[in-house]
Amino acid sequence: MIRKRLFSVLTSAVCKQTKIVLIGSLIVTAFMIFVTTKMSFNMDFAKLLPQDLPEVKSILKITEDFGTSSCEFFVIESKSKDVEQMTACADKVAEKLLALTYSGQGIKVFDSTVPPQDTINILDRVEYKVDRDFIRTFGFLMQKERDLSRALAMYSSLHMGDLLKNINDNFEAEYIDDQKNLSSFDGETRAVYGLEGIYSYVKGQRNYLQSGNVDELEEGIDLLLQGPKYTISPDNSLLILKMVQSPSIGDNFAPLNAYAEKVKKIIQEMEVEYPDLELGATGQAIFMHDIMESNKKDFGIPNLIAVLLILFLLVGAFGSWKNPFLAIVTLLVSLVWSLGMIALIIHQLNFISIIFILILFGLGIDFGIHFISGFRDGLAQGKPMDEAVLYMYEKYGTGVITGAFTTAFAFLTLALTKFDVLAETGLACGISIFTCLIAMLVVLPALLVWYNKGYSLSAKLLRKIGLGFLVNASRSIYTIIGRVASSLVVTPLQKVLTFSFLEKVGSITQRVPVAVGVILVALLLSVVSFMSIKTIPFDYNMMNLEAKGIMSAVNQDKILDKFNMSPDVLFILASNLEECRTYVDELKAIGDKTDLIGRIDAISEFIPNEFVQVANRETLQSFKKQLLNLKTPRSLSQRERERITQELTRLHKNIVEIGELSIASHGEHNNIVQKCDEIVGKEDQHSFLLAFAKEIKETTVNPARLDSAQLHTAMIMKTNLLDKCNDTLLTIGSLPQSIQERYVSPKTGSLLLTLYSRVQIFDEQVLNRFLEQIQGVSGAVTSTAINSFLFLRLMITEGRAATIWAIIAITLFLLIDFRSLTYTIFAIIPLIIGASWMFGAMALLDMSFNFNNLMAFPLILGIGIDDGVHMLHRYLEEGKGSMRRVMKYTGRAILLTSLTTIIAFGVMALGSRRGIASFGLVIALGVAFCFITSVFVLPAIVTLYERIAKK
């Protein structure tokens, strides 16, 4: 009764006060546009999570203390292992990166021509070089006592032969005789750096003998004593620069997006300058930008095609382009109204709640199709305008309102969850459905009346100024074009899109044997489908949801492959230096046991405890006296030359053996074996050391040049070793500022420990295994990956609870609406059976559950219930035995709505982002099966119910 009064009032308003309704709608739209400008968009991921979680507290504190909680990496790769070219490129890249700025007002990246006071630096620093001055001064003091003793023993003589012998003795004692050092966390790192230093030293000697260039000789000695200058992979094919964002940027979306765009521009520029190098980047900001670029590609032209297909479908179905166009205009109006209401009630959107736009367009066009169908049916039956509008409301309005309310209530139940993101998403979707319903009830009918009465503001104006002939001419042309288009395209399409088979389906399913057969087949398929659910796996790897080959993912894999560490880092905060040392020692022990940890970056690695430093100081003071008394050799005898070749051959054998032992400890793919292969090759004929030994033995090098190399080496090495004998005790305050800023919070003094894993932690199962090992060290371990999985876990657990509430809410509303338990069950049955078939199809297509397609299930719940509701309301309106008529009219409408939804979401299945593709495919399957069950199974059930009730 209430609905009939409502429909009567609406009919009177849109037919008699058309202009007032449209002008009022225009005013409301203008107001909502103004309100929408006040709405914010929350992209701060950590702040979307419950703030009482320890992982969230930790990451927020890290962001507050250090300005950022993520790591970005710039990658430079040389297939030919051209280190010189990579390092030259890195220096230029670092300069360009540090020059990146953005405007604090417009969040727009500017060039260097903008005055500095108008800009803010995007990056705080770029880390890619070792602090050489610090290592040269304190390199010995910061070593462990045992390591220092072995290092000083290596440099007890300045003779080349003695040095090579000492190197071999040290290798055999540390790694061959004591193999556990190769499997320990520190041992592996020392072995890699040691091998690189020796390789650089020998290469410097050989280059000097060939060219006489002292710079190359000095370079080799420097790398032996100080270690590598740049962060280069053990096989010398990959160089990485760590980009640390400015604290002023935080997690703000706009500057991070601008930063990612600028980084990609630098990549393009530098690849032109260095065509032999491959450049790239990875990290959270780069990853998010890659996703946005994928979205543009996936939802640009494909979405345009989808819109054109939908318009083509609707024009063919309704025989006119204007009615569908008016529905789309109304849909856009409802979008503005929805944004305005969300701004007034919630005040913000986040990257999850923005999904309301998909819901609005997916369901809103369905509302429009139903109303246009009713209006056309009324006119086709010869009814005048006002009666056609009333017919539209009475025949289709009840189903639309019920469908809208059930779907809105399904989403509003999300507001009952304890997870604010889900609550905001539920409110946003519920609000948008209600506002869209209002727009379709008021604005669309008014536009339909306006158009069908032939009102035209432009025509009226032209006639007033004496140009009425233009109106008549344009209408004549339009009529001719319309007739041609109708005869060639629209009429043939209409014959196809009348969907006359639906009326036949409605007739056939009224036969009892057919109805029984349909129900039995449906039940059998449902049982098989439900049984297949347990065969559908869950894909826990987040990277499998993204497009294949995106730059961030490719470079993540490169870093993991070349450095045996994942760029997705974990963080721990320590309150003081001793706590930091404790964390590091415990984590290294875990790394020794599990082979899960790739690298630990902490300030305690620069500052041994005071006891060790005092002991090292005494050792260094003694070594310094010994070093000052060493004589500088000026020439080499034939015997000494032979000894050098022998030690080079021995060194080759030792490195081969170290490589083999490392394979036994870490498998074939590890940093040590990469570096061994770099020096000795996979076959003896490829060994750099054997080739150099052969040159000296066969005197292909000038003996005088070899004597000169010995003299220069001894002089340079003695100077460097004396510099490294500094015995000033180290403290945090004595460290260079470039080191302090990486680890020490300027606000609180807390110390940051960065942990790099050896595994891809964007797989939840791998991450959980990793966390099981390290959370015993500190309960405050945090990272972007951890918080991502916390977010998704909350989405699943709270979403599951919300789904139960949604089912209850829908059931209760349907009970109130139908006032019958029987018809409520009838309305739900197509949804249950359709959903079961969807799971069966997923199993058949070898699909997996993932975090993206799980989001599809609440949508299917809201969309799928509508078909059954519309069918039953029309059936109750028409009376018993009317299923054939119901299928002819309402069946046609829900087929159109199903096809538009399938096209809209199905186009996502063609996208490059695998998670979104699975999301679109699941919705398309769910909607298709819910339609099939609504037009086959539901009529069959109603038929049997009629026969049983009749008896």
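The model is predicted, so local features need pLDDT of at least 70 and side-chain atom pairs count only at pLDDT 80 or more, while totals for chains, interfaces and linings use all residues. Residues are numbered from 1 along each chain as its sequence is written, and side-chain values use heavy atoms, with hydrogens and water left out.

The secondary structure comprises 36 helices and 12 strands. These are DSSP runs numbered from the N terminus: helices are H or I with at least four residues, strands E with at least two. Of the 951 residues, 56% are buried. Buried denotes under 20% relative accessible area, exposed over 50%, and partly exposed in between (1.4 Å probe, protein chains only). The accessible surface is about 41,100 Å². Carbon and sulfur atoms account for 60% of that surface. Areas come from the Shrake-Rupley method with a 1.4 Å probe; for residues, only the protein chains shown count as cover. Among contacts (heavy atoms within 4.5 Å) between residues at least 6 apart in sequence, 81% join residues at least 24 apart.

The largest nonpolar core holds 233 residues. A nonpolar core is a set of buried Ala, Val, Leu, Ile, Met, Phe, Trp, Tyr and Cys residues joined through side-chain atoms within 4.5 Å. Tyr 155, Leu 587, Met 717 and Ile 774 have the most contacts inside this largest core. Helix α18 (residues 420–452) gives the most to the core, with 18 residues.

Strand β12 (residues 751–757) is mostly covered, with seven of its seven residues buried. Leu 751, Leu 753, Leu 755 and Ser 757 point one way from the strand. Leu 752, Thr 754 and Tyr 756 point the other way. Strands pair if DSSP finds at least two bridges between them. Five bridges join β10 (residues 570–574) to β12, and the two run antiparallel. Here Leu 570 stands opposite Leu 755. Four bridges join β11 (residues 597–601) to β12, again antiparallel. Asp 601 has Thr 754 as its bridge partner in β12.

A search of the whole structure finds zero disulfides (pairs of cysteine sulfur atoms within 2.5 Å). Cys 15 is buried, at 10% relative accessible area. Cys 676 is also buried, at 2%.
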